[in-house]
Amino acid sequence: MNQELINAVEFIHKEKNIPMEVLVDAIEAALITAYKKNYTDHKNVSIDLNMETGAYHVVSRKDVVAEVEDPTAEIDLLTAQNYNPAYEIGDPFDEDVTPQDFNRVGAQAAKQAVMQRIRDAERGILYDEFISKEDEVLTGLIDRVDHRFVYVQLGKTDAVLAESERMPNESYIPNERIKVYVNKVEQTTKGPQIFVSRTHPNLLKRLFEEEVPEIFDGTVEVMSVAREAGERSKISVHAKNTDVDAVGSCVGARGARVEAIVDELNGEKIDIVLWDEDPKVFVKNALSPSQVVSVKVDEDSKSTVVVVPDHQLSLAIGKKGQNARLAAKLTGWKIDIKSETDAAEAGISHD
């Protein structure tokens, strides 16, 4: 092993933070593999490697036996005692069997082993970096788009944005910056595979954490999120301190905070509602912007019947049922909406 490779190993050890013993083990394993591939005289071999000088020796270990059956792994007692009379049957016999022409083959094998270890280490470092960022929002650069994925550059690696994770109202253009939610990180033979999303409900939650200091510091808490990406979302918030306006904190002065998030989500409408432990109040709030006359709760079936003014029925239900559907997701309660006229005909009294 030449001085250049020794220097390279030292550099990698320091710069890549790869333990020296890991590199040495990799080189020794590669030298053994190279020896066994090119030479078959000895079965059990190890490497004696001096990292200061770069010198190495192939050492064969055989068992001392009375009668040799496998000459690649055994040596007879008489031959062994020619080296040292103290040998007895059953002793291990070590011998330097380094071939004269092994230096070139060994150097190439050592180099390949070090390079492979570098690749493995870099993959490991990348994986460790991104596994800690699961459930976070990162800003990346759209690298390229094909029929399967949008590839988003996140530092030294690309994340993949599948079609199912894309917002229907967005176009993805190379070199544009984009915020993505890290949905999952997997380790593969080619390195970490990072899956990101633009549709996940937690993207909305994380964006509010970034934009609203009161959420980031815990003064205001996001209780639940319901989202139909690219169209409309609802988010419920709560502050333990009754002096804090949880909804107002999220809206911001002149709507600046929520508008910044709407812009990031390409115009997705966002309803911010006040969470309440009373399901009647929470369901009423969740159906915003419609007015609600009364809410009847069935705890056993976790369902509610909501009565709204006749002229508010279509607003409460929403286009294609979207408002009612999001409110149900947000609260975790089934919601049956009736107009005052229909409620009266069904004998449902107002609270």
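**Close-up views**

**View 1. The largest pocket and its lining.** When you look at what lines the largest pocket, α4 provides the largest share, with seven residues. What you're looking at is a predicted model, where local features need pLDDT of at least 70 and side-chain atom pairs count only at pLDDT 80 or more, while totals for chains, interfaces and linings use all residues. Residues are numbered from 1 along each chain as its sequence is written, and side-chain values use heavy atoms, with hydrogens and water left out. The pocket's volume is about 320 Å³. A pocket here is an open set of points on a 1 Å grid over the protein atoms alone, where a 1.4 Å probe fits and protein lies on both sides within 12 Å along at least five of seven lines; lining residues have an atom within 4 Å of a point. Volume is the space filled by probe spheres set on the points, which are joined across faces, edges and corners. In total, 16 residues line this pocket, and E122, R123, I125, L126 and K156 lie nearest its centre. Both α4 (102-131) and β9 (191-197) supply at least two residues of the lining. Helices (H or I, at least four residues) and strands (E, at least two) are DSSP runs numbered from the N terminus. Sorted by class, the lining has eight charged, five nonpolar and three polar residues. Ala, Val, Leu, Ile, Met, Phe, Trp, Tyr, Cys and Pro count as nonpolar, Asp, Glu, Lys and Arg as charged, and the others, Gly among them, as polar.

**View 2. The second largest pocket.** This one has a volume of about 250 Å³. Its lining is made up of E228, E231, R232, K269, L315, G318, K319, K320, Q322 and R325. Seven of those residues are charged, two are polar and one is nonpolar. Two names from this lining, E228 and R232, turn up again in the next view, where E228 stands opposite R232 in β11.

**View 3. The open sheet β10-β11-β12.** Follow the three strands in that order and you have an open sheet with mixed pairing. β10 (221-228) and β12 (269-274) sit at the edges with a single partner strand each, so one side of each has no neighbour in the sheet. On average, neighbouring strands here are turned by 15° against each other, direction ignored. (Angles run from 0 to 180 degrees between N-to-C directions, and axes are lines fitted to C-alpha atoms, for helices over the stretch in contact.) β10 and β11 (residues 232-238) run antiparallel, joined by seven bridges; strands count as paired if DSSP finds at least two bridges between them. Helix α5 (residues 201-211) packs on this sheet and touches β10, β11 and β12, with its direction at about 135° to that of β10. Contact means heavy atoms within 4.5 Å. Helix α11 (residues 322-331) also lies across β10, β11 and β12, running at about 145° to β10.

**View 4. α9 against α11.** Helix α9 (residues 279-286) packs with α11 at an angle of about 140°, and their axes are 9 Å apart. On the α9 side the contact is made by F282, V283 and A286, and on the α11 side by A327, L330 and T331. Five of these contact residues are nonpolar, one is polar and none is charged.

**View 5. The open sheet β13-β14-β15.** Here's another open sheet of three strands, again with mixed pairing. β13 (294-298) and β15 (334-339) are the edge strands, each with a single partner, so one side of each is left without a neighbour in the sheet. Neighbouring strands are turned by 20° against each other on average, direction ignored. Five bridges hold β13 in an antiparallel pair with β14 (residues 303-308), and S303 in β14 is the bridge partner of D298. α9 packs on this sheet too, touching β13, β14 and β15, with its direction at about 125° to that of β13.

**View 6. Strand β5 and its partners.** β5 (residues 137-145) and β8 (residues 177-188) run antiparallel and are joined by five bridges; look for G140 opposite I178 in β8. β5 also pairs with β6 (residues 149-154), in the antiparallel sense over four bridges, and there I142 has V152 as its bridge partner. Three residues lie between β5 and β6 in the hairpin they form.

View 7. Most residues other than glycine have a negative phi, and most peptide bonds are trans. The bond from S288 to P289, though, is cis, with omega near 15°, and P289 sits in the loop between α9 and β13. N175 isn't a glycine, yet has a positive phi of about 75°; find N175 in the loop between β7 (157-162) and β8.
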